[in-house]
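Work through the following exercises with the coordinates open, and try each task before reading its solution.

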Amino acid sequence: MSEKKFLMTYEGVKKLEQELEYLKTVKRKEITEKIKVALGYGDLSENSEYDEAKNEQAFTEGRIAQLENMLKNTQVVDESELPNDVVALGKTVKVKDYEFDEEVEYTIVGSAEADPMSFKISNESPVGAALLGKKIGDEVEVVVPGGINKFKILEIY
């Protein structure tokens, strides 16, 4: 069984690499110090500081493993090689949202770097997947949990 490939932009890969570096260099040292201090309190059976530090250590190590796996299985999309007239990963698309009668800009990114609050939507999300491959002027209907949304593509950059 092959690992899932994570499609990402160069910016997304850099962000994951920075988080991984922080966890390995800074966070691990902080947790080691917390464990040392907690061990100084004596009896481990009733030592909540020790338990908390060990839980934090387990979470951090899990996140490190997750990031390493994602980076190992990442396929970086070279945005400069993509056509400018088609919605693709790494592109920003301005759409007319008919439901709310407003213009919205979405950046299409890989699932690992999606941040809907910043209008970075995954290529695997219903809206992101529906927009992929479309051109300016195309209208798209997307089935979402609340029903059907309709968008018209206004700009791609």
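The exercises below concern a predicted model, and each one is followed by a worked solution.

**Exercise 1. Strand pairing**

Task: Determine which strands β7 is joined to, and how many bridges join each pair.

Solution: Begin with strand β3 (residues 92-97), which runs antiparallel to strand β7 (residues 147-156) and is joined to β7 by five bridges. Within this pairing, K94 is the residue that stands opposite E155 of β7. Next take strand β6 (residues 139-144), which also runs antiparallel to β7 and is joined to β7 by six bridges. Here E141 has K150 of β7 as its bridge partner.

**Exercise 2. The salt bridges of E56**

Task: Find the lysine side chains that meet E56 in salt bridges, and state where in the chain the partners lie.

Solution: In one of them, the side chains of E56 and K27 meet at 2.8 Å, N to O. Since E56 belongs to helix α2 (residues 48-72) and K27 to helix α1 (residues 10-39), the pair ties together parts that are 29 residues apart in sequence. Both E56 and K27 are buried. In the other, the side chains of E56 and K34 meet at 2.9 Å, N to O. This pair again links distant parts of the chain, with E56 in helix α2 and K34 in helix α1, 22 residues apart. As to accessibility, E56 has a relative accessible area of 18% and is therefore buried, given that buried means under 20%. K34, at 39% relative accessibility, counts as partly exposed.

**Exercise 3. The surroundings of K150**

Task: Identify the side chain with which K150 meets in a salt bridge, and the ring over which its charged end sits.

Solution: The side chains of K150 and E139 meet in a salt bridge of 3.2 Å, N to O. K150 lies in strand β7 and E139 in strand β6, so the pair ties together parts that are 11 residues apart in sequence. The relative accessible area is 32% for K150, which is partly exposed, and 42% for E139, which is likewise partly exposed. A further step concerns the charged end of K150, which sits over the ring of Y98 at 5.5 Å from its centre.

**Exercise 4. Aromatic pairs**

Task: State how many aromatic pairs the model contains, and describe the geometry of each.

Solution: The method to follow is that a pair of aromatic rings is described by the distance of the centres and the angle of the planes. The count comes to two aromatic pairs. For Y106 and F119, the ring centres are 6.2 Å apart and the planes stand at 50°, so the pair is tilted. Y106 lies in strand β4 (residues 102-109), whereas F119 lies in the loop between β4 and β5 (120-122), 13 residues apart. Y106, at 13% relative accessibility, counts as buried, while F119, with a relative accessible area of 43%, is partly exposed. For Y106 and F151, the centres are 6.4 Å apart and the angle between the planes is 85°, an edge-to-face pair. This pair links strand β4, which holds Y106, with strand β7, which holds F151, across 45 residues, and both residues are buried. Taken together, the ring pairs link Y106, F119 and F151 into a cluster.

Conventions
Residues numbered from 1 in each chain as written. Predicted model: local features only at pLDDT ≥ 70, side-chain atom pairs only at ≥ 80, totals over all residues. Heavy atoms only, no water. Pairing = 2+ DSSP bridges. Helix = DSSP H or I, 4+ residues; strand = E, 2+ residues; numbered from the N terminus. Salt bridge = Lys/Arg side-chain N within 4 Å of Asp/Glu carboxyl O. Buried < 20%, exposed > 50% of the residue type's maximum accessible area, 1.4 Å probe, protein only. Phe/Tyr/Trp six-rings, centres within 6.5 Å; stacked < 30°, edge-to-face > 60°. Lys NZ or Arg CZ within 6 Å of the ring centre and 35° of its normal.
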